Amino acid sequence: MGHLTRRTAMATGAAAMLAGCMPSGGSRGAPGDGFRPQPNPAYDAWVAAFRERAVAQGITRATLDRGFRGQGFLPGVVERDRNQTEFRRTTEDYLALVASEDDIATGRPRVAAARASLAAIEAKSGVDADVLAAIWGLETRFGTRLGEIPVISATSTLAWEGRRGRFFEAQLVAALRIIQAGDTTTGRMVGSWAGAMGHTQLMPTVYEEYAVDFQGDGRRDIWGGDPTDALASTAEYLRRHRWERGAPWGMEVHLPEGFDIGATGRDSRRPVSAWAAAGVQPARGGELPDHGEAAIHAPGGADGPAWILYRNFNVILRYNPSVNYGIGVGYMADRLAGGGPLTRAFGPDETGLTQEERVELQELLNRRGFDAGTPDGVIGRGTEAAIRAYQQARGLVVDGRASQALLRALRQG
Ligand SMILES: [Ca+2]
């Protein structure tokens, strides 16, 4: 993909907030050279000293030998860690990147195949099956992109590198304990560049605390083809963060004309009756369901898409603290449950273009021979590079910025 790859939009799963690497989306990392072990004497010396600390914490030498077999220093992991940008995506762009019609179509058959497991997990945990399926979708595109980076290599590299050394040393010790417990092997323990693992991208310490063996085969396997244990583990995480059984995460609403947009935002919680009195209505009609205090999220202003957010929304944010992530999960869950697309469109963004116009701009760039990647309306680095190349070729001011004027120029050739 040309612009901002999906990678940058993906989440890294439970404890993304622990890892402090949200929304870096590690699971998209395809191992290149930087993800094959490279010689590094300083890292090797660190590992030798670490082994003694690990033994003191109950890791056997046999586990250490098995755990570090074939593992090593991964320069690509350090690079990823240093190049993390806090992408501030609009809700519209975020949804386009993680919950597009294409993503939903990918998810439907995979979720249908896991439906029996999901129903059993929901019955036991009380956590909404569609929300679990949506988290699966956002984390690894329904298990199609689990990440291929060896977890011992990734966490030991980051522990050695030291920027968040203590955190990653704890993840490394947890990963070794998981191997020692026999849940998986070094070779199968792969994940994101930051060590988030399996279908729902659990960090090793989160795995230790919350992972469950749902079918009772003796292994908590979140890495294999069957997503059941991973989905059940995520359900366990949400249940213990006080998911309210039977309550929704939120729903799309319409705000009345003249609605005080200053009253919106996650921290502005009010009784549902107060929102109803202020004229907030479900986008698809009916009464606003009452599930206690709720907030309104209206990222595009009173005329754009808006949502009422119930307590369960905050539980989703315990998995990943980004509001866009929570909206993405909720929206995806509703779509997987058979709901329709948003009833309102976002207006023009900071480029002055609507999503439809941004898609047209990308299509025109592609048609004129300037690769803007898959047209999804998200103006990222790839699209900006294509714009610069176009501007250069046409003798325009080269600023790499999308605008109405650029769209008009592109329409002409
Ligand atoms: Ca199992």
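This is a predicted model: local features need pLDDT of at least 70, side-chain atom pairs count only at pLDDT 80 or more; totals for chains, interfaces and linings use all residues.

Q: OK, and what's the mean pLDDT of the chain?
A: The mean is 91, and 91% of the residues reach 70 or more.

Q: Switching to layout: how is the chain divided into domains?
A: Domain 1 covers 6–240 and domain 2 covers 355–412. Their contact takes five residues from domain 1 and four from domain 2.

Q: Which classes of residue are on the domain 1 side of that?
A: Two nonpolar, one polar and two charged residues touch domain 2.

Q: How many helices and strands in the chain?
A: The chain has 19 helices and six strands. Its radius of gyration is 23 Å, close to the 22 Å from the globule rule for 413 residues, so the chain is as compact as a globular protein of that length.

Q: What box do the C-alpha atoms fill?
A: Roughly 65 × 60 × 35 Å along the principal axes. As for burial, 49% of the 413 residues count as buried.

Q: What share of the contacts joins residues at least 24 apart?
A: It's 70%, counted among contacts between residues at least 6 apart in sequence.

Q: Let's zoom in. Is helix 16 largely enclosed or exposed, and why?
A: Helix 16 is largely enclosed by the rest of the structure, because 14 of its 14 residues are buried. The helix runs over residues 323–336 and reaches 20 Å from first C-alpha to last, close to the 20 Å expected at 1.5 Å a residue.

Q: What follows helix 16?
A: Gly-338 does, and its phi is positive, near 105 degrees.

Q: New topic: where does Phe-370 lie?
A: In the loop between helix 17 (355–367) and helix 18 (381–393).

Q: Buried or exposed, and why?
A: Phe-370 counts as buried because it has 21 C-beta neighbours inside 10 Å, and the cut-off for buried is 20 or more.

Q: Which residues does Phe-370 touch?
A: Leaving out residues up to four places away in sequence, Phe-370 touches Leu-365, Ala-386, Ala-389 and Tyr-390. Take Tyr-390: Phe-370 is 20 residues from it in sequence, yet their C-alpha atoms are 6.5 Å apart in space.

Notes. Residues are numbered from 1 along each chain as its sequence is written. Helices (H or I, at least four residues) and strands (E, at least two) are DSSP runs, numbered from the N terminus. A residue is buried if 20 or more other C-beta atoms lie within 10 Å of its own, exposed if 12 or fewer, and partly exposed in between; C-beta atoms are placed from the backbone. Two residues are in contact if their C-beta atoms, placed from the backbone, lie within 7 Å. pLDDT is the predictor's confidence in each residue, from 0 to 100. Domain bounds come from an automatic or database domain assignment. Ala, Val, Leu, Ile, Met, Phe, Trp, Tyr, Cys and Pro count as nonpolar, Asp, Glu, Lys and Arg as charged, and the others, Gly among them, as polar. The radius of gyration is taken over C-alpha atoms; the globule rule is 2.2 Å times the number of residues to the power 0.38. The expected span of a helix is 1.5 Å times one less than its number of residues.
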